[in-house]
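Opened the notebook to go through this one piece by piece.

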Amino acid sequence: MIEKAFDPAIAEKEIYAEWLRENLFHAADTSEKQPFSIVIPPPNVTGMLHMGHALNNTLQDLIIRFRRMSGDNTMWMPGTDHAGIATQNVVEKELEKEGKNREQLGREEFVERVWQWKGKYGGLIINQLKRLGSSCDWERERFTMDAGLSRAVREAFVRLYNDGLIYQGDYIVNWCPRCHTALSDLEVEYKETPGNLWHIRYPFADGSGEIIVATTRPETMLGDTAVAVNPTDARYSAVVGKKVILPLVNKEIPIIADDYVSPEFGSGAVKITPASDPNDFAMAERHHLEIVKVIGGDGTITAQGGAYAGQDRYQCRKSVVADLEAQGYLVKVEPYLHKVGGCSRCVTEVEPFVSRQWFVKMEPLAKMAIAAVVKGNTRIIPSMWEATYFDWLNNIRDWCISRQIWWGHRIPVWRCLNCEKIIVATDDPSCCPQCGESNLRQEEDVLDTWFSSALWPFSTTGWPEKTEALKTFYPTSLLITGFDILFFWVARMMMMGLYLMGDVPFRDVYLHALVRDEQGEKMSKSKGNVIDPLNMIDKYGADAFRFTLVAFTAQGRDVRMSEERIQGYKFFVNKIWNAARFTLINLEDFIPDSDYSSNSLPDRWIRSRLNKTIQEVTEALESYRFNDAAGGIYHFIWHELCDWYLELIKQTLYNKEDLAQRRATQAQLRTTFKTILQLLHPFMPFVTERLWKEFASGYIMVSDFPRHDPVANDAQAEAEMTMLQDVIGAIRNVRGEMGIATTKKLAVTVITEEVAVFTAGKAYIEALANCQQVVILDHTAPEPKGCATGVTVKAKVFVELGGMIDIASERVRLEKEVAKISKEIEAASQKLANEDFVQKASAAVVQKEEMRFQEAKEKLAFLQKALMRLKEFSS
C-alpha cells in the first residue's frame with residue numbers, strides 16, 4: 001500500500017534521478033518513428049528561474065511528454081545563451097568589487113574570467129529546469145559559444161557577407177553610454193517620461209527676423225546643422241533657403257523644407273541634429289548636411305561642443321538652458337510627456353550615436369519570412385500575432401549586429417595592416433591572401449547575441465555539417481515562446497532558417513502571454529508581488545505548480561497567478577492520491593488475469609465519460625488549448641471519478657456475495673485509474689510516475705497515451721446517469737435549503753415517465769442522497785402532500801418533511817438571518833456607491849468589497865427561497 005500522503009520533496013528527486021538513469025529523455029538520430037522536435041528558448045547563462053521560464057518550459061514539457069507517449073521520436077533540445085551584454089555586466093560588477101576593470105585585465109584575461117564565471121554559475125538555471133520536471137534531451141545540451149555553434153556563427157556570417165547581405169557603414173545607432181556598445185532597436189525599452197519642450201529663438205543671418213524652434217533636448221543644439229519646416233506650411237514658405245544664426249555657437253545654418261516635419265509639433269519648425277537623432281540623420285542624408293558629433297560614447301560633450309566640452313550630457317542641458325535664457329534666446333518652456341529609450345540591460349538612457357558598425361540587410365530576408373507564413377509553411381498561434389509579425393517585417397530596418405564588448409562571438413573579419421586587404425573567413429587566416437604578409441588585425445567588435453540565437457534550430461543539431469540529427473529534426477515541429485521576443489528571436493530564426501537551410505525552422509509557433517499577479521499587474525520586486533517558482537515548488541510540489549500554470553494558460557490571455565491558486569491545485573494532487581489509495585485498497589484481492597466486462601450503469605457511464613475526456617484532452621493538446629486540456633481532465637477526475645463514480649461503486653466493491661459483478665467493477669476501476677494516470681502524466685509527471693508503479697511495470701512516461709475509441713461512447717448510459725444525478729442533486733438541494741441534517745435519512749417519492757431507469761437506479765439514489773426509502777411512481781400518479789419539491793428534466797422529486805424539522809422555529813431563524821444579511825447588503829451597497837471610497841481605496845480592496853456584496857446577495861436569495869418554502873407549509 002502506498003504511503004498516506006505524497007511527499008513531493010522526496011519523490012521528485014528520486015523519480016527524476018530514475019528517468020535520467022534510464023536515459024528516457026534521449027531521442028534517436030535515426031528512427032522509424034515520426035520525429036517531433038522542439039528547441040528550448042535558451043535562457044541566459046546569467047538567469048535564474050522566473051515565472052516566465054516556468055510557464056514556457058512547463059508548456060514545452062507538456063507537449064513533449066504528450067508526443068513521446070503518442071509514439072513519436074521526441075527530441076527537446078536544451079541549452080543556454082551566452083547573453084553578451086548581460087553576462088559581461090555581471091562579471092564587470094564582480095571586478096568593481098575587487099577594485100579592477102576589464103581594461104586593466106585586457107581582453108584575453110577578461111574573456112577567460114567570464115568563462116570561469118560561466119563554469120561556476122552557468123548551470124544553475126539548468127538544474128532549476130530539472131526541478132520543474134523538464135524532460136529535455138540533456139545529452140544534447142548546447143551553449144551558444146561552444147565550439148560547434150561558434151563554427152556555425154562564422155559560417156553564417158561569411159555566407160551573408162559573400163552574398164552582399166552584410167556590410168559595414170557609418171550610421172546612427174542606439175548607443176548605451178554605460179555598456180559602451182551599440183544596441184539594436186529591439187534592445188531599447190521606451191518609457192513615457194515627463195520632460196520639457198523648450199522654445200528657442202534662432203535669428204535670421206540677415207537680421208530680418210527670427211524663427212522659433214521647439215526641442216526636448218536643448219543640449220544637442222550644439223550639433224545643429226539646419227532648421228527644417230514642412231514644405232506645405234504656409235507660415236514658413238518665404239523663409240526656406242534663408243540662413244539662421246545658431247545660438248551659443250554663432251554659426252550660420254540653413255532653413256530647409258522636408259516632408260518629415262510635422263506642422264503641428266511645437267512651432268512647426270525643428271532643429272536638425274544629424275548626430276543625435278535617427279530622423280535627423282536620415283534628413284541630413286537627403287539634404288547633404290554636415291554631421292557634427294557633440295555627444296561622445298561616454299555621454300559627455302566632445303570638443304565640438306566648444307565651451308561645454310567635457311560636461312555630462314545632463315549637466316550640459318542645464319548649462320545650455322541657463323545661457324539661452326541669459327542671452328535672450330529662450331522664448332518659453334512647456335511641460336511635455338514623451339517616450340525616452342533606455343538600455344534593456346542596464347536602464348541607462350540610450351544616446352543616438354553615429355559610428356561605424358556592421359549591419360545585415362534585412363529586406364530580402366524579411367520577404368522570405370513573410371511569404372513562409374502567408375503560404376502556411378509556419379503557423380503562428382494565436383493567429384492574432386500574424387498581423388504584428390507582418391507589420392514589423394514590412395517596416396524593418398537593417399539590423400546592427402556589431403557590439404563594442406568583449407564577451408561574445410568576435411566578428412570574423414581581419415584587416416591586413418600591410419595592404420589594407422579585408423579578409424572574411426570561417427577559419428583564422430595565417431597570412432594575407434593578397435600580399436602574403438602575416439601582420440593581420442581582427443575586428444574588435446563581437447556579434448549581437450541574437451545573431452547566434454537566430455541559428456539555434458539548426459546549429460544545435462550540427463549545421464553546417466549534414467548530420468543525421470539535422471536531417472531528422474529540422475525543421476523542428478514546434479516553438480513555444482513568449483510574444484515579447486517575436487521580433488528579437490522568432491522572426492530572425494525564420495529569416496536565417498529560410499536563408500541558410502532553405503526551409504522554415506519550425507512548423508508551428510505558439511506564443512504565450514505574460515504571467516501576472518492575480519489582479520493582472522505585472523510582477524516586479526518594487527511592487528512586492530513576485531512569485532518565486534522554486535519557492536512554490538518547495539511548498540506545493542512541481543505537479544501542483546505546473547498544473548496551475550497550464551490551467552490558466554488560455555490563448556491570447558495573460559496568466560493570472562497567485563499562491564492561493566497553486567495551493568488549490570495541491571489539494572487536487574491530494575485528491576488524486578486519496579483516490580489512488582481507495583482504489584488500491586479495493587484492488588488488494590484483484591488479480592488482473594481475466595477479461596472482465598461490466599454492464600452496470602456506473603461502469604458503462606465511467607467508460608463512456610473517460611473515452612470522451614480522452615478525446616477532449618487530446619484535441620485540446622493538439623490545438624494548443626492548454627487550459628481546455630487541463631480543465632477537461634480536472635473536471636473528470638474531481639467531479640466524475642471522485643464525486644460520482646467512486647461513490648456509486650462502493651456498494652458493489654463492499655458486496656462480497658456477488659463476486660462476478662465485484663470483479664468486473666474492480667477491473668473497470670483499475671482500467672479507469674491507469675488510464676487517468678496516463679492522461680494526467682504530461683501535466684503532473686511526478687505523482688503519476690509514483691502511482692504508476694502500483695498498477696504496472698515500467699515507466700508511465702514511455703507508456704502509450706490513451707486513444708479515443710468511438711465505439712466506447714455510450715450515449716444511453718450517459719443519459720440515464722444524468723437522470724439519476726439530477727434527482728440526487730435535487731434531493732441534496734432540498735436538504736440544504738430546508739436545513740435538514742445530512743445524517744437524517746429521507747423518505748423520497750420520484751414521479752417520472754422514466755420509471756424503469758429510476759427503478760434500476762433506486763439503490764444509487766438511496767445511497768448517495770442518504771434516503772431510507774425511495775418510491776418510484778409513474779408520471780400519472782397524484783403528487784404527495786406535505787413535501788418539499790424539486791424538479792428535474794425527467795422527474796419531479798418530493799421529500800417528506802414530517803419529523804424532519806420544526807417548521808415554526810426554522811422560520812423564525814431564517815427571518816432573523818434574512819434581516820441580518822439585508823442590513824449587510826445595504827451597508828455594502830452604500831460603501832460601493834461612495835465615490836470617495838472607490839477612488840481612494842486600492843483596486844484589490846474595492847474588488848474584495850464587491851465580492852462580499854455579491855456573495856451576500858447570493859446568500860440572501862438562497863435564504864429567501866428557503867423561507868418561502870417554509871411559509872408554503874405553515875400556511
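**Before anything else.** I am working from a predicted model, so I keep in mind that side-chain atom pairs count only at pLDDT 80 or more.

**Helix α7.** I looked up the length first. The helix covers residues 147–162, and its 16 residues should span 22 Å at 1.5 Å a residue. I found the end C-alpha atoms 23 Å apart, which agrees. Next I asked which residues of α7 are buried. I got Leu 149, Ala 152, Val 153, Arg 154, Glu 155, Ala 156, Phe 157, Val 158 and Leu 160. After α7 comes Gly 164, and its phi is positive, near 75°.

**Aromatic pairs.** How many aromatic pairs does the structure hold? I get 36. I picked two to look at.

- Trp 19 and Phe 25 have ring centres 6.1 Å apart and planes at 55°, so I put the pair down as tilted. Both residues are buried.
- Trp 392 and Phe 487 have ring centres 4.9 Å apart and planes at 25°, so this pair is stacked. Trp 392 belongs to helix α11 (residues 385–394) and Phe 487 to helix α15 (residues 486–501), so the pair ties together parts that are 95 residues apart in sequence. I also checked burial for Trp 392: its relative accessible area is 19%, and the cut-off for buried is under 20%, so it counts as buried.

I also noted one aromatic cluster, formed by Phe 547, Phe 552, Tyr 569, Phe 572, Tyr 634, Trp 638 and Phe 683.

**Charges over rings.** I have two lysines down here. Lys 130 has its charged end over the ring of Trp 138, 5.0 Å from the ring centre. Lys 293 lies over the face of Phe 353, and the distance to the ring centre is 4.3 Å.

**Asp 61.** I found this residue in helix α2 (residues 51–69). Is Asp 61 buried or exposed? Its relative accessible area is 0%, so I wrote down buried. Which side chain does the side chain of Asp 61 make a polar contact with? The partner is Arg 546, at 2.8 Å. Leaving out residues up to four places away in sequence, I list Trp 76, Gly 133, Ser 134, Ser 135 and Arg 546 as what Asp 61 touches.

Conventions. Residues are numbered from 1 along each chain as its sequence is written. This is a predicted model: local features need pLDDT of at least 70, side-chain atom pairs count only at pLDDT 80 or more; totals for chains, interfaces and linings use all residues. Side-chain values use heavy atoms; hydrogens and water are left out. Helices (H or I, at least four residues) and strands (E, at least two) are DSSP runs, numbered from the N terminus. The expected span of a helix is 1.5 Å times one less than its number of residues. Buried means under 20% relative accessible area, exposed over 50%, partly exposed in between (1.4 Å probe, protein chains only). Rings of Phe, Tyr and Trp (its six-membered ring) pair if their centres lie within 6.5 Å; planes under 30 degrees apart count as stacked, over 60 as edge-to-face and the rest as tilted. A charge sits over a ring if NZ of Lys or CZ of Arg is within 6 Å of the ring centre and within 35 degrees of the ring normal. A polar contact is a pair of N or O atoms within 3.5 Å; within protein, one must be able to donate a hydrogen and the other to accept it, and residues adjacent in sequence count only if both atoms are side-chain atoms. Contact means heavy atoms within 4.5 Å.
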